[in-house]
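Good morning, and thank you for making time for this.

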Amino acid sequence: MKSGVVLRVLGDRAQVRSGEEVLSLRPKGVLRADGLLAGDEVEISGEHITKVLGRRNQLGRPPVANASLLLVVATLRDPPVQPSDVDRILLQAAAIDLPAAIVVNKRDLATPEELSEFAAPYRNAGYEVLETATIRREGIAELQAILPQGLSVLAGPSGVGKSSLLSALTDIAVDVGAVSARLRRGRHTTRSATLYEIGEGRLLADTPGFSALELPNVPAAKLRDLYPEFQDRECRFNDCVHRAEPDCGVREALGLGLIDEGRYERYCRFLAELEGRPPQWH
Ligand SMILES: Nc1nc2c(ncn2[C@@H]2O[C@H](COP(=O)(O)OP(=O)(O)OP(=O)(O)O)[C@@H](O)[C@H]2O)c(=O)[nH]1
Ligand SMILES: [Mg+2]
Ligand SMILES: [Zn+2]
């Protein structure tokens, strides 16, 4: 029995790395191509994928399985970052215990002050924030240095430079598009999640851009557990959601400037959004 890793799903076939070969295979029987994800570990028999092995984790957006690190890519301009989108994707990762870091690309388009103003709340929360400029190859070695064994996933809106980062990290030529002035998205926009081997047991996934993102499917009362900067604060009540309760360590830290106001305000909005979900979500 051979095994392999799905590099890409294309129509009713999947590209699978097995040993030294990359094979184009079809799923067999009840297994369907739309049930496969890039990153899946599979068993192979002849021309077919016969089984998908258990997933260690699974992201819906971007659609990948078995990631070791999520790289949230953002830019301050072209396109301008939406912090609530960054928060939402960090929450998706936290909900499945997937480590995440932030890559602020196109640092050539922002001042050092703007960059640190954006990064500070996330650094303060404990996230690693790297600043890169792919054309000048700035920050690329630093990014290379944090990539763990296994699969790292580039995620973020269209046009932020995910494919450009992949190219800078490898000698792989991938389609990179000029950001069109009208759509503000790359003209060679990436169409499907694809894994690339980058050596030393490491894989990198380039993924299609996305913007609007759901909150993870967690009960409202659990949202607080997904914020690293809220942990180890002392609240009077064990079930404190850090909103209006008396003697709340999170709001105390907020008052002292130890927790970022923007992050906290968006947390309150997300909390209300989760509370407003129809009952089947709870
Ligand atoms: N100024 C500047 N432009 C960059 C940088 N990195 C990438 N770009 C440009 O940004 C545009 C979009 O880059 P892509 O790599 O295609 O972006 P993407 O995130 O892969 O976009 P999608 O595939 O649509 O999700 C291209 O015109 C790149 O040349 C950078 O560091 N600085
Ligand atoms: Mg791309
Ligand atoms: Zn509290």
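**Loops, sheets and a buried helix**

I begin with P79, which is placed in the loop between β8 and α1. Please keep in mind that what you see is a predicted model. P79 is joined to D78 by a cis peptide bond, with omega at about 0 degrees. D78 lies in that loop between β8 and α1, and its phi is positive, about 50 degrees, although D78 is not a glycine. As a general point, most residues other than glycine have a negative phi, and most peptide bonds are trans.

P62 sits in the loop between β6 and β7, the latter covering residues 64–65. D247 belongs to the loop between β13 and α5, and because it has 11 C-beta neighbours inside 10 Å, where 12 or fewer is the limit, D247 counts as exposed.

Let me now turn to the overall layout. The chain is divided into domain 1 (2–54), domain 2 (59–206) and domain 3 (220–281). The centres of domain 1 and domain 3, taken over C-alpha atoms, are 42 Å apart.

Next, the barrel. Five strands close into it in the order β1-β2-β3-β5-β4, with mixed pairing. From one strand to the next, the twist averages 55 degrees. Strands β4 (residues 41–45) and β5 (residues 48–52) run antiparallel and are joined by 4 bridges; I44 stands opposite I49 of β5. L53 is found in the loop between β5 and β6. Leaving out residues up to four places away in sequence, L53 touches E41 and V42. L53 has 13 C-beta neighbours inside 10 Å and so counts as partly exposed.

I come now to the open sheet. Its 6 strands follow the order β10-β9-β8-β11-β13-β12, and the pairing is mixed. Which strands stand at the edges? They are β10 and β12, each with a single partner strand, so one side of each is left without a neighbour in the sheet. The twist here averages 25 degrees from one strand to the next. β12 and β13 are paired in the antiparallel sense over 5 bridges, and Y196 has L204 in β13 as its bridge partner.

Two helices deserve attention here. Helix α1 (residues 83–95) lies across β8, β9 and β11 and runs at about 180 degrees to β8. Helix α4 packs on the sheet as well, touching β8, β9, β11, β12 and β13, and its direction makes about 155 degrees with that of β13. Why is α4 described as largely enclosed by the rest of the structure? The reason is that 7 of its 8 residues are buried. Among them are L165, L166 and L169. The buried residues of α4 also pack against α3 (140–146).

Finally, the nonpolar core. The largest one has 63 residues, and V6, V72 and A205 have the most contacts inside it. Strand β8 gives the most to this core, with 7 residues. Beyond its neighbours within four places in sequence, A205 is in contact with residues including A38, V64, L151 and A193. In soluble globular proteins, nonpolar side chains tend to be buried together.

Technical notes:
Residues are numbered from 1 along each chain as its sequence is written. Chains are lettered from A and ligands numbered from 1 in the order in which they are written. This is a predicted model: local features need pLDDT of at least 70, side-chain atom pairs count only at pLDDT 80 or more; totals for chains, interfaces and linings use all residues. Domain bounds come from an automatic or database domain assignment. A nonpolar core is a set of buried Ala, Val, Leu, Ile, Met, Phe, Trp, Tyr and Cys residues joined through C-beta atoms within 7 Å. A residue is buried if 20 or more other C-beta atoms lie within 10 Å of its own, exposed if 12 or fewer, and partly exposed in between; C-beta atoms are placed from the backbone. Two residues are in contact if their C-beta atoms, placed from the backbone, lie within 7 Å. Two strands pair if DSSP finds at least two bridges between them. Axes are lines fitted to C-alpha atoms, for helices over the stretch in contact, and angles run from 0 to 180 degrees between N-to-C directions.
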